[in-house]
Amino acid sequence: MASQSASCPNCGAPIVFRWSSSVQTVCDHCRSVVIRTDVDLQKVGVVADLPLDGSPIQIGTEGQYGDKPFVVAGRIMYQYEQGTWNEWRIVLDGGADGWLSDAQNELAISFRVDNPHLPAPEMAPLGYSFNWNGVEFTVVSRTLAHYAGVEGELPFQYWDKTDVMFVDLRSERLDFATLDYSDDKPTLYIGKAMDFDALRLRNVRTFEGW
Amino acid sequence: MAEAQGRPVVSVRSVNCPNCGAATAVRTFGHAVNVVCQSCGSILDGKDPGVAILQQYTQAVRYEPLIPLGTRGKILRATSASGPERDADHEVVGFQVRQILVDGVAYQWREYLLFNPYYGFHYLTEYGGHWNVVTTLRSLPEGGATPGSGRSRSYHGQTYRRFQTASAQTVFVLGEFPWQVRVGETAAVADYVAPPRMLSGEMTADKEATWSLGEYVDGVDVWSHLSLPGAPPAREGVFANQPSPFAGAAGRMWRAATLLLALAALLWVMHLATAREKVAFAQVFTYDPRGIQDSSFVTPVFELDGRPSAVRVETATDLDNQWVGVGYALVNDDTGQTYEFAREVSYYQGVDEGESWSEGSRGDDVTLSRIPSGRYFLRIEPEGDRAGHPVRYRVRVVRDVATSLWFLVAVVLIVIPPIASTWRSATFERRRWAESDDAPAASSHDGDDDDE
């Protein structure tokens, strides 16, 4: 992997981007949010400590998606009225970016899909169906959530966001999709619900008593 | 499974209740969104380092879980288990009592939340001594993603029939939950059953629709898997997805009965095909009912040969508007063994108001089963109406005739057990569906319960 080494513009601690597709990272030392531009690194904000979470996954966890190895490079934690969930950014062997979402240990891996014809949030109520990539997806949840923290390297800038809408969809198979309304235009992620064992995760967290 | 790679093990912590000051251990690490104070029952914010009270405990009734929080063991999953998680320990971390109201009567059930830090959450539910292991589904059933609508759903090729739609209210919580729980909150629930499984949909406001799959498990197995002392509570009635103890049995019995019937039919056909139907004796006699002397006489001796087999004695007459009775005795000339039987033949006919009619028959057959071989004669004693005409009648004795009565008896004996089993099975299904609010037509579920 092409890695780039530099110093934190805030505290001078070494900042390493391990993944060429990464745009943002968090300084391990001073918790500044650091973004990479063409010329240098810029500090754009500071993150607070991540809220408590029970995910078995951590930065550096490795796994297997089908026959492709992947490593967990970063995460965004979201908070909504019922609790929190994690979107772990994974980098697959070969450099492709994906997302491993973990909501109370319900795991799914999804990839961003370019689709210019996505519904506005009010056009995707519970129970509505959409056909993407030949799969019939039905809306199963609509969640208003906000950013609760970031960690590690992300392929875009993401910090300090206010409440945005997430629409989750499922199929009659194990297909999984999310409509993400974080930005002006909706973004679609499509993937599959995953079993913990199927991912063959290594370097997971250990829990006292387990 | 885990290598910490220099990071600390995630440690067990506890929260202190701002209401009563008691400490409550947190079992689900960072998952605990809500923690119920084990001392005063207040619902606390498990994520807030300061710990705030989210809901004060105000109830008069405190429910005790049958399975104590902190109990660990393997979860039972009979069929839908997806791999090794079945073999992983899970811990009881949360407990809630929920209820539905039917005609003003509250029906309460208990839900135990099971947790494993790698495999996540499952439920164990209990109602009236009936237990289910419940897993959240990640795919949608066919037939509609919104719970409640429609009489059935299909999941993994199996059809589930709607059993109940209701509004479930949380009435008590204990332990901790990875999502917000409040006493008093409600959700629209719909259950669809295909014993031993149950497909349940749950919808909260317009925000989320969740489907889960329950599998009926025996309380005794729950107790042994979780190493609990004592015995589980006794079962009451028939539960929605309780597997019928008769369903499979009736199917198996019908399959066995089909086999036996085929065997009996084969034997019968072979018997029909091999019966020799050999005429051992035939003679025509005349009887004049007006005669005054004793009408009885004996026939010449004839041979009944071969294995012991059935013998048919035929009486054929030329009767017309009268009757005649014939007393027979088949006598073994060597041993004196006698088979006595009396037959009556009557035939009447005429024309009434332009319509011709007839009644009775001019002939009669009788079959005697298992007559040993030997030399026999018949003693015949005809009798009749003294005002009648002379009657000519022919008597034939046929050796080794085909008989069918035994086959009919066999058919009846073979089908009685499966019919009884099917009846028991139907009764069980009626008791099951009597609890349903879906009120199916009385007969619509009978008969589809023979096979598992």
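## Basis of the description

The model is predicted: local features need pLDDT of at least 70, side-chain atom pairs count only at pLDDT 80 or more, and totals for chains, interfaces and linings use all residues. Residues are numbered from 1 along each chain as its sequence is written, while chains are lettered from A and ligands numbered from 1 in the order in which they are written.

## Domains of the two chains

Domain bounds come from an automatic or database domain assignment. For chain A, this gives domain 1 (4–46) and domain 2 (62–199). The centres of these two domains of chain A, taken over C-alpha atoms, are 25 Å apart. Their contact involves 14 residues of domain 1 of chain A and 15 residues of domain 2 of chain A; two residues are in contact if their C-beta atoms, placed from the backbone, lie within 7 Å. On the side of domain 1 of chain A that touches domain 2 of chain A, two or more residues each come from strand 3 (24–26), strand 4 (32–36) and strand 5 (41–46) of chain A. Strand 3 of chain A gives the largest share, three residues. Helices (H or I, at least four residues) and strands (E, at least two) are DSSP runs, numbered from the N terminus.

By class, this side of domain 1 of chain A has seven nonpolar, six polar and one charged residues. Here Ala, Val, Leu, Ile, Met, Phe, Trp, Tyr, Cys and Pro count as nonpolar, Asp, Glu, Lys and Arg as charged, and the others, Gly among them, as polar. Chain B is likewise assigned domain 1 (59–243) and domain 2 (276–401). The C-alpha centres of domain 1 of chain B and domain 2 of chain B are separated by 76 Å.

## The contact between the chains

Chain A contributes 37 residues to the contact between the chains, and chain B contributes 39 residues. On the side of chain A that touches chain B, strand 12 (residues 135–152) of chain A gives the most, with four residues. That side of chain A has 12 nonpolar, 14 polar and 11 charged residues.

## Paired strands in chain A

Two strands pair if DSSP finds at least two bridges between them. In chain A, strand 9 (residues 97–103) and strand 10 (residues 106–113) run antiparallel and are joined by five bridges. Within this pair, L100(A) stands opposite I109(A). The two strands form a hairpin with two residues between them, and Q104(A) in the turn has a positive phi of about 50°.

Strand 10 of chain A is also joined by seven bridges to strand 15 (residues 187–194) of chain A, again antiparallel. There, V113(A) has L188(A) as its bridge partner.

## An open sheet in chain B

Four strands of chain B form an open sheet in the order 16-25-19-23, with antiparallel pairing. Strand 16 (278–287) and strand 23 (363–371) of chain B are the edge strands, each pairing on one side only. Strand 19 (residues 309–317) of chain B is joined to strand 23 of chain B by seven bridges, and R312(B) stands opposite T367(B) in strand 23 of chain B.

## Nonpolar cores

A nonpolar core is a set of buried Ala, Val, Leu, Ile, Met, Phe, Trp, Tyr and Cys residues joined through C-beta atoms within 7 Å. A residue is buried if 20 or more other C-beta atoms lie within 10 Å of its own, exposed if 12 or fewer, and partly exposed in between, with C-beta atoms placed from the backbone. The largest core has 68 residues, of which I90(A), L100(A), L169(A), Y192(B) and L199(B) touch the most other members. Beyond its neighbours within four places in sequence, Y192(B) is in contact with residues including Y160(B), F163(B), M198(B) and L199(B). A second, separate core of 34 residues includes V92(B), F115(B), L174(B) and V217(B).

The peptide bond from P195(B) to P196(B) is cis, with omega near 10°. P196(B) is placed in the loop between strand 13 (186–194) and strand 14 (197–204) of chain B.

Two residues other than glycine have a positive phi: E353(B), at about 50°, and D400(B), near 60°. E353(B) lies in the loop between strand 21 (338–352) and strand 22 (355–360) of chain B. E353(B) counts as exposed because 5 other C-beta atoms lie within 10 Å. D400(B) is in the loop between strand 25 (391–399) and helix 3 (405–434) of chain B. D400(B) counts as buried because 21 other C-beta atoms lie within 10 Å.
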